[in-house]
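This briefing is meant for someone meeting the structure for the first time. Please look over the sequence and the model below before reading the points that follow.

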Amino acid sequence: MLLRMEAKLAGACTPVFTSHPARWAGLLALCSPHIITGVNRLLDFSAAAREMEGYGLLPGRPIAAVVILLQLSAAAMIVSGFCRWIGSLSLCAFTVLATFIAFRFWEMPMGAERFTAMNVFFEHMGLAGGFLLVAWYDLHKWRRGGRDWS
């Protein structure tokens with residue numbers, strides 16, 4: 001009975017959620033935090049450099065430039081499909097590294113600030129997991145001979 005219900009639901013959902021627009025929207029949503037922060041950093045480059053320096057990353061200006069370039073180019077690769085797995089693994093690694101630098105909740109005293117930082121830390125780990133799954137899917141498809149960029 002449960003399997004029949006699942007099959008019926010899957011049959012109804014498949015045409016919508018396996019469509020190219022659905023995949024594109026999902027990839028865009030996954031990349032949106034990096035697109036938004038990359039554009040904001042680009043528009044206020046001085047603040048981006050100060051942000052890097054605030055995390056102890058010196059010199060701030062060149063590091064901010066590399067971060068902006070990585071965020072925007074990798075997101076474009078993912079959404080466009082061009083070498084998507086490279087963009088996905090790049091943003092996965094970047095997200096994990098940046099999260100360990102910015103949200104070190106384990107160093108904070110108990111309280112609301114620590115709770116918030118811990119939640120943001122694990123939300124970012126989930127985002128990194130999403131990028132890892134995109135890379136896994138594309139590399140799995142590549143191994144089977146499917147090399148389209150759609």
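In this predicted model, helix 5 supplies the largest share of the lining of the largest pocket, namely seven residues. That pocket holds about 510 Å³ of space, and its lining is made up of 22 residues. The points below begin with the pocket and go on to the helices, the nonpolar core and the aromatic rings.

**The largest pocket**

- Helix 2, helix 3, helix 4, helix 5 and helix 6 each contribute at least two residues to the lining of the largest pocket.
- Among the 22 lining residues, those that lie nearest the centre of the pocket are Arg-41, Gln-71, Phe-94, Ala-98 and Thr-99.
- Gln-71, one of these residues nearest the centre, is placed in helix 4 and counts as buried because its relative accessibility is 2%, where buried means under 20%.
- When neighbours within four places in sequence are left aside, Gln-71 is in contact with His-34, Thr-37, Gly-38, Arg-41, Leu-91 and Phe-94.
- Between Gln-71 and Thr-37 the separation is 34 residues in sequence, while their C-alpha atoms are 8.1 Å apart in space.

**Helix 5**

- Helix 5 runs over residues 84–102, and with its 19 residues it reaches 26 Å from its first C-alpha to its last, which is close to the 27 Å expected at 1.5 Å a residue.
- The buried residues of helix 5 are Arg-84, Gly-87, Ser-88, Leu-91, Cys-92, Phe-94, Thr-95 and Thr-99, and these residues pack against helix 2 (20–43), helix 4 (60–80) and helix 6.
- Arg-84, which is among the buried residues of helix 5, is in contact with Asp-138, as is Trp-85, once the neighbours of Asp-138 within four places in sequence are left aside.
- Asp-138 itself is found in helix 6 and is buried, with a relative accessible area of 10%.

**Helix 4**

- Helix 4 has 21 residues and spans 30 Å from its first C-alpha to its last, close to the 30 Å expected at 1.5 Å a residue.
- The buried residues of helix 4 are Gly-60, Ala-64, Val-67, Ile-68, Gln-71, Ala-74, Ala-75, Met-77, Ile-78 and Val-79, and they pack against helix 2, helix 3, helix 5 and helix 6.
- After helix 4 comes Gly-81, which has a positive phi, near 95 degrees.

**The largest nonpolar core**

- The largest nonpolar core has 18 residues, and of these Leu-30, Cys-31, Ile-78, Leu-91 and Phe-131 touch the most other members.
- Two or more residues of this core come from each of helix 2, helix 3 (45–54), helix 4, helix 5 and helix 6, and helix 4 gives the most, with six residues.
- Leu-91, a buried residue of helix 5, is in contact with His-34, Leu-70, Gln-71, Ala-74, Ala-75, Ile-78 and Phe-131, leaving aside its neighbours within four places in sequence.

**Aromatic rings**

- The structure contains seven aromatic pairs, one of which joins Phe-105 and Phe-122 in a tilted arrangement, with 5.8 Å from centre to centre and 50 degrees between the planes.
- Because Phe-105 lies in the loop between helix 5 and helix 6 (112–143) whereas Phe-122 lies in helix 6, this pair ties together parts that are 17 residues apart in sequence.

How values were computed. Residues are numbered from 1 along each chain as its sequence is written. This is a predicted model: local features need pLDDT of at least 70, side-chain atom pairs count only at pLDDT 80 or more; totals for chains, interfaces and linings use all residues. Side-chain values use heavy atoms; hydrogens and water are left out. Rings of Phe, Tyr and Trp (its six-membered ring) pair if their centres lie within 6.5 Å; planes under 30 degrees apart count as stacked, over 60 as edge-to-face and the rest as tilted. Helices (H or I, at least four residues) and strands (E, at least two) are DSSP runs, numbered from the N terminus. The expected span of a helix is 1.5 Å times one less than its number of residues. Buried means under 20% relative accessible area, exposed over 50%, partly exposed in between (1.4 Å probe, protein chains only). Contact means heavy atoms within 4.5 Å. A nonpolar core is a set of buried Ala, Val, Leu, Ile, Met, Phe, Trp, Tyr and Cys residues joined through side-chain atoms within 4.5 Å. On a 1 Å grid over the protein atoms alone, a cavity is a set of points where a 1.4 Å probe fits but cannot get out, and a pocket is an open set with protein on both sides within 12 Å along at least five of seven lines; lining residues have an atom within 4 Å of a point. Grid points are joined across faces, edges and corners, and a volume is the space filled by probe spheres set on the points.
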